[in-house]
Amino acid sequence: MSSKAQPQPRPTTLNFITGNANKLAEVQAILADVEVSVDIDSDSGADGDGKKGQGQGQGQRQRRLVLTSRDVPAHEIQGTIEEVARDKCARAAAVVGGPVLTEDTALEFRAYGGLPGPYIKYFLQALGHEGLNNMLAAYEDKTAFAVCTFAYSAGPGHEPILFQGRTQGRIVPARGPGVFGWDAVFEYEGKTYAEMDKTEKVGDTTPPPPNVAQWRACSSPKVAIHALVGCLLTIVEPDLTSRQGAG
Ligand SMILES: O=c1[nH]c(=O)c2ncn([C@@H]3O[C@H](COP(=O)(O)OP(=O)(O)OP(=O)(O)O)[C@@H](O)[C@H]3O)c2[nH]1
Ligand SMILES: [Mg+2]
């Protein structure tokens, strides 16, 4: 794993690689209104239409980022959340041959030292909602962390950069429609994710913190993805490619 800085091309399209329709719907909902002010070619003064940034000063204009989606089925490796996320993103970039966005959702139980973590999908498939509750029956501590890790690679050979949202909640007997994964058993501030509408679930609307280091361990998935998009649309600083573990 190289920490060597690489220049990152600025994308206009986010190719979101996922086989999970619910995940795609949530990211689409979060990004529906993305319109980020971008400093385009401040040296040449030209924007994509070949015109000067008329009346907008310094070549500033609004640019909409296009979200596309594609499923690239692949085995996910074993490892930490970050290792799994990096590997999936790098392999997707290699298959697609261009820039990709991926996301990994983990569910950590504090009583289990962070497990099931990135393996929650397999625990959920094998045990269901009731089984997840039963796992914690012997423990007072029902604390769980929903961790969503977005990874972006500019293309084959470009080391993925990660943005992470982490939400503390607890595991409860299922409440609300059991449509999406473990939503019905993860309670945050008195409601399970399944009892919330999408807007409420994906988090607050606080703009991303201006400090890049803070972006990488944000409080909610929404802040994390907005931070990622903001980063892509403005500058992707080379030193972002050398990441320390997030939590
Ligand atoms: O209740 C939920 N609320 C969520 O917000 C959420 N996000 C993901 N999941 C589930 O957790 C596992 C993650 O695994 P995962 O990140 O590898 O996703 P995936 O394999 O389904 O799709 P992808 O890897 O093709 O993108 C899968 O079982 C997902 O269904 C969620 N469940
Ligand atoms: Mg997966």
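Student: Is strand 8 buried or exposed, mostly?

Tutor: This is a predicted model, and in it eight of the 11 residues of strand 8, residues 161-171, are buried, so the strand is largely enclosed by the rest of the structure.

Student: What does strand 8 pair with over 10 bridges, and in which sense?

Tutor: Strand 7, residues 143-153, pairs with strand 8 over 10 bridges in the antiparallel sense. In that pairing, alanine 144 stands opposite glycine 169 of strand 8.

Student: And how many bridges join strand 8 to strand 9?

Tutor: Two bridges. Strand 9 covers residues 186-188 and runs antiparallel to strand 8. Arginine 170 stands opposite glutamate 187 in strand 9.

Student: Where is glutamate 189, then?

Tutor: Glutamate 189 is in the loop between strand 9 and strand 10, the latter being residues 191-192. Its phi is near 50°, a positive value in a residue other than glycine.

Student: Why does glutamate 189 count as exposed?

Tutor: Because glutamate 189 has 9 C-beta neighbours inside 10 Å, and the cut-off for exposed is 12 or fewer.

Student: Which residues of helix 2 are buried?

Tutor: The buried residues of helix 2 are Ile81, Glu82, Val84, Ala85, Arg86, Asp87, Lys88, Cys89, Arg91, Ala92 and Ala93.

Student: What do those buried residues pack against?

Tutor: They pack against strand 1 (13-17), strand 5, strand 6 (116-117), strand 7 and strand 8. Just after helix 2, glycine 97 takes a positive phi of about 75°.

Student: Where is there a cis peptide bond?

Tutor: Between leucine 115 and proline 116, with omega at about -5°. Proline 116 is placed in strand 6, and strand 6 is among the elements that the buried residues of helix 2 pack against.

Student: Now the ligand. How many residues surround ligand 1, and which are the closest?

Tutor: Ligand 1 is surrounded by 16 residues, and the closest are Thr18, Thr105, Lys121, Gly181 and Asp183.

Student: Which elements each supply at least two residues of that shell?

Tutor: Strand 5 (100-109) and helix 3 (120-135).

Student: How does the shell split by class?

Tutor: The shell around ligand 1 has six charged, five polar and five nonpolar residues.

Student: Confidence next. What is the mean pLDDT of the chain?

Tutor: The protein chain has a mean pLDDT of 73, and 62% of its residues reach 70 or more. The model scores are ipTM 0.95 and pTM 0.77.

Student: Where does pLDDT stay under 50?

Tutor: Residues 208-218 stay under 50, and the model has 26 contacts beyond four places in sequence for them. Residues 234-247 also stay under 50, with 28 such contacts.

Student: And the chain overall: how many helices and strands are there?

Tutor: The protein chain has six helices and 10 strands. Of its 247 residues, 38% count as buried.

Student: What share of the contacts with a separation of 6 or more comes from residues 24 or more positions apart?

Tutor: Residues 24 or more positions apart account for 61% of those contacts in the protein chain.

Definitions and conventions: Residues are numbered from 1 along each chain as its sequence is written. Chains are lettered from A and ligands numbered from 1 in the order in which they are written. This is a predicted model: local features need pLDDT of at least 70, side-chain atom pairs count only at pLDDT 80 or more; totals for chains, interfaces and linings use all residues. A residue is near a molecule or strand if its C-beta atom, placed from the backbone, lies within 6 Å of it. Helices (H or I, at least four residues) and strands (E, at least two) are DSSP runs, numbered from the N terminus. Ala, Val, Leu, Ile, Met, Phe, Trp, Tyr, Cys and Pro count as nonpolar, Asp, Glu, Lys and Arg as charged, and the others, Gly among them, as polar. A residue is buried if 20 or more other C-beta atoms lie within 10 Å of its own, exposed if 12 or fewer, and partly exposed in between; C-beta atoms are placed from the backbone. Two strands pair if DSSP finds at least two bridges between them. pLDDT is the predictor's confidence in each residue, from 0 to 100. Two residues are in contact if their C-beta atoms, placed from the backbone, lie within 7 Å.
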